[in-house]
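Please open the structure in your viewer and keep the sequence beside it.

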Amino acid sequence: MWRHNIKLSGPKRGRKPKHVDLQKKQEDQDAESRRGAIERQFSFIKAKLGMDRVTVKTAETVSVAVDTAVVMANLTNFLVLCGPISLMTKREAKLFQINYKVIEDHAILAP
């Protein structure tokens, strides 16, 4: 069943059926594993990137805090997939280099 482009999956409530469709059971397990991956990502953003308690007051600063956490989560995923990256920029005749890498699933600045 589709509502607002969302598929409702999972076992029905109540007594378990006598005959279980193996394809339906596999689809339900796949949907549960996708939901688990999404929940793990939200848990990471809340616990590791400071979104467990947002203490800012205005709408603008809330949006900046949320955007920063999402960008950091995406950067962390990118670093896990692609490995360390190095960014270099030149400003006012000075060269800046920032090295990023993941250590123990945390995005940190490399020395």
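Helices (H or I, at least four residues) and strands (E, at least two) are DSSP runs, numbered from the N terminus. This is a predicted model, in which local features need pLDDT of at least 70 and side-chain atom pairs count only at pLDDT 80 or more, while totals for chains, interfaces and linings use all residues. Residues are numbered from 1 along each chain as its sequence is written, and side-chain values use heavy atoms, with hydrogens and water left out.

Next, select helix 1 (22–48) and helix 2 (59–82). Their axes, which are lines fitted to C-alpha atoms over the stretch in contact, come within 10 Å and cross at roughly 120 degrees, on a scale that runs from 0 to 180 degrees between N-to-C directions. Helix 1 is therefore oblique to helix 2, since angles under 35 degrees count as roughly parallel, over 145 as roughly antiparallel, 65 to 115 as roughly perpendicular and the rest as oblique.

Gln 41, Phe 44 and Ile 45 in helix 1 meet Ala 69, Ala 73, Thr 76 and Asn 77 in helix 2.

Which residues make up the largest nonpolar core? Select Phe 44, Ile 45, Met 51, Ala 69 and Ala 73, the 5 residues of that core, to which helix 1 and helix 2 each supply at least two. A nonpolar core is a set of buried Ala, Val, Leu, Ile, Met, Phe, Trp, Tyr and Cys residues joined through side-chain atoms within 4.5 Å; buried means under 20% relative accessible area, exposed over 50%, and partly exposed in between (1.4 Å probe, protein chains only). Stay with Met 51, which, leaving aside its neighbours within four places in sequence, is in contact with Ile 45, Lys 46, Ala 65, Val 66 and Ala 69. Across the protein, buried residues make up 12% of the 111 residues.

Finally, move to the loop between strand 3 (85–91) and strand 4 (94–103), and select Glu 92 there. Glu 92 is not a glycine, yet has a positive phi of about 50 degrees, and is exposed, with a relative accessible area of 71%. Ala 93 lies in the loop between strand 3 and strand 4 too; Ala 93 has a positive phi of about 65 degrees although it is not a glycine, and at 74% relative accessibility counts as exposed.

Key:
Contact = heavy atoms within 4.5 Å.
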